[in-house]
Amino acid sequence: MQNLTEIAKLFFRLGITAFGGPAAHISMMHDETVKRRKWLTDQEFLDLIGATNLIPGPNSTELAIHIGFLRGGWKGLITAGFCFIVPAMAIVLLLSWAYVRFGTMPQTQGLIYGIKPVVIAVILQALFNLGKKAIKGPLTISVGIVLLALYFTGINEIILLFAGGLTVMIASNYKKINTHNLGLMLLPLGTISAAPQAVTAFSFPTLFFTFLKIGSVLYGSGYVLLAFLHGDLVEKFGWMTDRQLVDAVAIGQVTPGPVFTTATFIGYVVGGWTGALLATIGIFLPSFIFVALSSPVIPRMRKSIWFGSLLDGVNAASLSLMAAVTWTLSKNSLTDPLTIIVAIISLVLLIRYKINTTWLILGGAAIGLLSMTIQ
């Protein structure tokens with residue numbers, strides 16, 4: 001019981017103070033669980049980071065769930081995840097209500113106007129950092145470029161992810177493949193079909209299963225979420241506009257905790273309180289299941305050259321999706337000289353001086369409010 005209390009206190013506090021995205025969250029967890037509390041050794045912590053990279057979902061949230069499981073078993077698993085997610089969800093819900101209620105007020109528009117270019121800079125910085133890890137040679141570079149081009153032809157994001165992973169896996173291990181095995185590996189890809197591009201009537205089951213699907217297949221980073229949200233909610237269903245999607249990401253950046261709480265905001269905007277709850281449960285539920293199932297087999301999976309090369313391909317595909325959607329969103333965020341300047345300065349501060357995202361968001365918000373006041 002004492003362990004559960006310690007887990008709850010730690011991850012609830014992180015849930016309301018962990019700004020800055022997954023990398024910042026992981027750094028804070030390392031400080032708290034390795035340096036301060038001595039729950040884990042450095043090697044054990046590194047092993048958990050490796051484990052989260054092998055399964056879909058939000059890395060920092062899954063790391064919290066892993067730590068909770070090791071510290072307190074099944075109850076610890078649920079406690080850590082719940083306490084890390086719920087505070088952020090509650091804050092996003094409050095901001096979602098304010099957005100729907102006051103979204104057309106000049107003050108609110110000024111905030112969003114100033115925050116949007118900072119969001120673009122944050123995504124670009126994530127692309128820069130992830131690119132250094134995801135691009136491991138000519139093969140992954142080529143796959144990434146091809147998939148980037150294919151994205152703009154309207155091919156489904158999940159197909160691109162599987163295609164990237166399978167291509168790199170097969171190309172890296174082609175000497176070990178026979179025809180029968182190749183057919184078996186390509187079978188899952190054939191079961192996925194491109195979604196029709198037509199407006200779909202809103203329904204709660206569709207909302208829930210859309211976010212459940214995203215939480216079950218998304219690799220790479222919370223920012224890759226943008227590609228899936230754009231493909232499903234904007235292009236396929238027509239439930240949101242590009243502008244609303246950028247606003248959703250901006251709200252996610254203002255708040256602490258998992259980037260995936262963007263789902264809470266979107267769920268509320270399109271479906272009220274019920275939509276917010278269903279979207280949040282849908283996108284986070286797979287993380288709990290994947291952590292519980294993967295813990296016993298992670299050591300063997302990490303040593304597999306097949307799985308490692310598959311993951312390399314998925315990461316390259318994720319990077320391409322991020323780049324493609326960033327281009328689309330930039331057209332709706334960088335609309336004048338001021339927003340372009342804010343984005344450039346934010347990017348320089350992030351990459352060169354490692355400024356915390358929270359301060360940049362607050363600075364962008366202040367610039368936005370000031371610009372609206374001057375106008």
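1. Burial first: a residue is called buried when its relative accessible area is under 20%, exposed when over 50%, and partly exposed in between, with a 1.4 Å probe and protein chains only. The structure is a predicted model, in which local features need pLDDT of at least 70 and side-chain atom pairs count only at pLDDT 80 or more, whereas totals for chains, interfaces and linings use all residues. Residues are numbered from 1 along each chain as its sequence is written, and side-chain values use heavy atoms, with hydrogens and water left out.

2. Helix α10 covers residues 225-236, where helices (H or I, at least four residues) and strands (E, at least two) are DSSP runs numbered from the N terminus. Ten of the 12 residues in α10 are buried, so that the helix is mostly covered; the buried residues are Leu225, Leu226, Ala227, Phe228, Leu229, His230, Gly231, Asp232, Leu233 and Val234. Just after α10, glycine 238 has a positive phi of about 70 degrees.

3. Which residue meets the side chain of aspartate 232 in a salt bridge? The partner is lysine 213, at 2.6 Å from N to O, a salt bridge being a side-chain nitrogen of Lys or Arg within 4 Å of a carboxyl oxygen of Asp or Glu. Because lysine 213 lies in helix α9 (residues 204-217) and aspartate 232 in helix α10, the pair ties together parts that are 19 residues apart in sequence. Aspartate 232 is buried, with a relative accessible area of 2%, while lysine 213 counts as partly exposed at 25% relative accessibility.

4. The structure holds seven salt bridges, and another of them joins the side chains of glutamate 32 and arginine 13 at 2.9 Å, N to O. Glutamate 32 lies in helix α2 (residues 22-36) and arginine 13 in helix α1 (residues 2-17), so this pair also ties together parts that are 19 residues apart in sequence. Glutamate 32 is buried, with a relative accessible area of 9%, whereas arginine 13, at 34%, counts as partly exposed.

5. How many residues apart are lysine 136 and aspartate 312, whose pair links distant parts of the chain? Their side chains meet in a salt bridge of 2.9 Å, N to O, and the two are 176 residues apart, with lysine 136 in the loop between α5 and α6 (138-151) and aspartate 312 in helix α14 (residues 305-333). Lysine 136 is exposed, with a relative accessible area of 56%, but aspartate 312 is buried, with a value of 18%.

6. Two surface patches deserve a comment, and patches here are made of residues with over 30% relative accessible area and no salt bridge, like charges being joined within 9 Å and nonpolar side chains (Val, Leu, Ile, Met, Phe, Trp, Tyr) within 5 Å. The nonpolar patch consists of Ile340, Ile344, Val348, Tyr353, Ile355, Trp359 and Leu362, which together have about 720 Å² of accessible area, from the Shrake-Rupley method with a 1.4 Å probe and, for residues, only the protein chains shown counted as cover. Helices α15 (337-353) and α16 each supply at least two residues of this patch, and the largest share, four residues, comes from α15. Tryptophan 359 has its place in helix α16 and is exposed, with a relative accessible area of 61%.

7. The positive surface patch is formed by Lys132, Lys133, Arg352 and Lys354; Lys and Arg count as positive and Asp and Glu as negative, with His and the chain ends not counted, and the place of a charge is taken as NZ of Lys, CZ of Arg, CG of Asp or CD of Glu. Lysine 133 has its place in helix α5 (residues 106-134) and is exposed, with a relative accessible area of 64%.

8. Two further residues complete this note. Lysine 38, in the loop between α2 and α3 (42-52), has a phi near 60 degrees, which is a positive value in a residue other than glycine, and it is exposed, with a relative accessible area of 62%. Isoleucine 367 lies in helix α16 (residues 357-374) and is partly exposed at 35%; isoleucine 367 and leucine 338 are 29 residues apart in sequence and 9.3 Å apart in space, C-alpha to C-alpha.

Key:
Expected span 1.5 Å × (residues − 1).
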